Amino acid sequence: MPIAIHEQTFHLYNDTISYIMRVTPGGDLEHLYFGPRLPLNVDPTHLSVGALYGNQVADQFDPTVSLESRLREYPNFGTGDMRAPAYTASVDGSAISTFSFVDATVTTGKPAIPGLPATYVEEAAEADTLSIELTDDVTQCSLTLQYTIYAQRNVVTRHASFTNHGPAPVTLSRALSLCLDLPDQDYVLTTLMGGWARERQVTTRKLQLGTQAIGSQRGHSSAQANPFLALARPNATQQTGEVIGFSFVYSGNFTASVEADAYDHTRVLLGIAPEQFSWPLAPKQAFTTPEAVMAYSPTGYNGMSQTFHSLYNERLVRGAWRMQPRPILLNNWEGTYFDFDEPKLLALAAQAQAIGVELFVLDDGWFGHRDNDRSSLGDWVTNRAKLPAGLPHLVEQITALGLKFGLWFEPEMVSPDSDLYRAHPDWVLGDPNRPRSLGRHQYVLDLSQPAVVDYLFTALDSVLQASPISYVKWDMNRSLTEVFSAAVPASEQGTIAHRFILGVYALYERLRHAHPDILFESCASGGGRFDPGMLYYAPQAWTSDDTDAIARQSIQYGTSYVYPIASMGSHVSAVPNEQLHRTTPLATRAAVAYFGTFGYELDLTKLTAATLATLAEQVAFMKAHRELLQFGRFYRLSEPEDPHPAWLVVDDNADHAIMLDCTQLQQPDATLRFRRLAGLTPTAQYRSDTGEIYSGAELIAAGIRIDERRRGDFSTMLLTLDKIAIQEDEHD
Ligand code: GLA
């Protein structure tokens, strides 16, 4: 049983980690420890850092301690803890609340969170869950904090639920998912920051006194800031040192903050952003926060990422596509944009089939009268000007070639020029007394309204019923503004941003249920909603609209901090690249795209026979290695500031590995350099695809020699290694 309870001290543990907290005399929940496994009999008073410093205000129940200096599990507002709280619950205008301990229960397994994405277990023995119940006498609310520890993973997951048991309405104006207080400030903070076409760039800074925070107010998790942060010891590298990663299983507005206070403590908070959140709890109503995941790594950033990858691959992604190699696709977007008709698509599909592609994806423009991005979102019926015989006819032709068929939708949006908008202007988010802002010429549908979700389910379901469609790309191309719903009273407007996301999740869930074999790929102008919440519904995500192989190196490198390689949509596109006008070698474009779902996004009908033959070889390479590439253990071999991004995947027994090392701008007379590998068996010998024999120990300790002298800009070294024998130890 990995949760031990002793005199109101709770110790969650597995073989590697411990998480310890206790109830204080006043009923507060004090955090004591999160780190490497400790013995079960550690005296909790040894771990407490609570004290009364300077002019601090004393705890009402213990005059020797201030709440401000105590490490706390889910801090309140207004009674002496001057740091940012985890929640505020108000009654009659007072936001002061004090939840005190009532009871704790341990259950095996991990309960689902209704209506929200969450990690799960298949067997009860995989995890244990601790539910701690607290109550506030004045608001008459109960608070349940739920903690799950996995037996075989260095992970603790958390969320909180409030229930109003009293007669008066309670308002939650902040209800975060996680607080973790740490007893010192010797950390480097890593976040994944960016923008459109430059998502998830690794950003590190030494923790400074004060609050450093990231978040999104866009209604989606965003390209600008990912719902993740890590705190690492300053000496941590990709391979070594202590790192704690925090990941939020949610797709809407979020806040992730780190407060380094005056007493050498650090507070991490993660949850729904409070700015657009105000949740009225009528008597008997409850509110449950989304899940937050904490991963502890004693083996650097790679250990953290590998923990997230295996958890998200195995126990967040669900259904038919969990741990399944992903189909190699051709997407027509960068090849044709809106300019296509049935013969053109069939010509593309025939070429795709000839080079071994498995899935043909028809992107934007197949519906309504859409010829550009100014019309028809919401009207999910065939564009007869482009496809006069209808979409089912096209699907029939393409599947007859032996290809699977995939289709693009943007369900959450509506064009002002659409039949849907003309019929239902009240289905759009916005304040009726104010003008609405357009983004990419479109409005956002009010998915907080069940009628809108019903309409979208019926519209999409009927397209998916009519043809054998096996993949859906679900796009979302503008941020939310004027977040106001005509369907609810003034007192509920603060619920809309969250209810919108609940509507997105409900729609996904219904479509998944009706079409369990469809592979969903999420997209938000590229990677604007690449988050764990989405992965629960859509096992893969379009990583970025930037398909340039050099830009992709840092985008995919950053994305890999949290997200599995199998979740990263990655395609080879034409040169000069659409976004950067850069020309990179075809081999480089493929080498980078191999570390993802792999596919093409170009007009195959314009390529020479020689190029098509090369593409066929690339497809064959991907087919031969995709289980390793997509689901192998992933190691970043370069630090973020290294001018040569490099990484490696290796299978469970370290029998096979594939490494990529990239050259960006070439140096004159480039000197030889060595790239040290990881994850291999030191005592084994490996044969490379070039026929060289190396010892694992040599590749790990000395590295592989990289000679760039005969290469140009934007070249790569892609190396496959296969174990050939276990070496005898020469001293035996
Ligand atoms: C977004 C997506 C692209 C493509 C276009 C279609 O930008 O990220 O991949 O689907 O929309 O309009």
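## A buried strand residue

Ile-214 is buried, because its relative accessible area is 9%. Buried means under 20% relative accessible area; exposed means over 50%, and partly exposed lies in between (1.4 Å probe, protein chains only). Ile-214 sits in strand E13, residues 210-216. Helices (H or I, at least four residues) and strands (E, at least two) are DSSP runs, numbered from the N terminus.

Setting aside residues up to four places away in sequence, Ile-214 touches Thr-191, Met-193, Arg-205, Ala-225, Asn-226, Phe-228, Phe-254, Thr-255 and Ala-256. Contact means heavy atoms within 4.5 Å. Asp-431 is 217 residues from Ile-214 along the chain, and their C-alpha atoms are separated by 27 Å.

## About the model

This is a predicted model, in which local features need pLDDT of at least 70, side-chain atom pairs count only at pLDDT 80 or more, and totals for chains, interfaces and linings use all residues. Residues are numbered from 1 along each chain as its sequence is written, and side-chain values use heavy atoms, with hydrogens and water left out.

## Overall build

The protein has 12 helices and 39 strands. Its C-alpha atoms fill a box of roughly 80 × 80 × 45 Å, taken along the principal axes. The radius of gyration is 27 Å, which agrees with the value near 27 Å for a compact globule of 732 residues. This radius is taken over C-alpha atoms, and the globule rule is 2.2 Å times the number of residues to the power 0.38.

Buried residues make up 62% of the 732 residues. Consider the contacts with a separation of 6 or more: 68% of them join residues 24 or more positions apart. The accessible surface comes to about 26,500 Å², and 52% of it belongs to carbon and sulfur atoms. Accessible areas come from the Shrake-Rupley method with a 1.4 Å probe; for residues, only the protein chains shown count as cover.

Leu-172 lies in strand E10, residues 170-182. Leu-172 is buried, with a relative accessible area of 0%. Leaving out residues up to four places away in sequence, Leu-172 touches Thr-88, Ala-89, Phe-162, Phe-277, Ser-278, Trp-279, Leu-281 and Phe-287. Leu-172 and Phe-277 are 105 residues apart in sequence, but 8.1 Å apart in space, C-alpha to C-alpha.

Val-592 belongs to helix H10. At 2% relative accessibility, Val-592 is buried too. Its contacts, apart from neighbours within four places in sequence, are Ala-549, Arg-552, Gln-553, Gln-556 and Leu-660. Val-592 and Gln-553 are 39 residues apart along the chain, with 6.8 Å between their C-alpha atoms.

## Backbone details in the loops

The loop between strand E30 (571-573) and helix H10 (586-594) holds Pro-576. The peptide bond from Val-575 to Pro-576 is cis, with omega near -10°. His-581 lies in the loop between E30 and H10 as well. Phi of His-581 is positive, near 60°, though the residue is not glycine. His-581 is exposed, with a relative accessible area of 63%.

Ser-376 is another non-glycine residue with a positive phi, about 80°. Its loop runs between strand E22 (359-362) and helix H4 (391-400). Ser-376 counts as buried because its relative accessibility is 0%.

## Empty space

Rolling a probe the size of a water molecule over the atoms shows where empty space is left. On a 1 Å grid over the protein atoms alone, a cavity is a set of points where a 1.4 Å probe fits but cannot get out; a pocket is an open set with protein on both sides within 12 Å along at least five of seven lines; lining residues have an atom within 4 Å of a point. Grid points are joined across faces, edges and corners, and a volume is the space filled by probe spheres set on the points.

The whole structure has four cavities of 30 Å³ or more. The largest cavity holds about 180 Å³. Its lining has 19 residues, and Asp-28, Arg-72, Asn-76, Thr-98 and Phe-99 lie nearest its centre. The largest pocket holds about 450 Å³. Among its 20 lining residues, Glu-314, Phe-631, Gly-632, Arg-633 and Asp-652 are closest to the centre. Helix H1 (300-315), helix H11 (609-631) and strand E32 (633-636) each give two or more residues to this lining. H1 gives the largest share, six residues.
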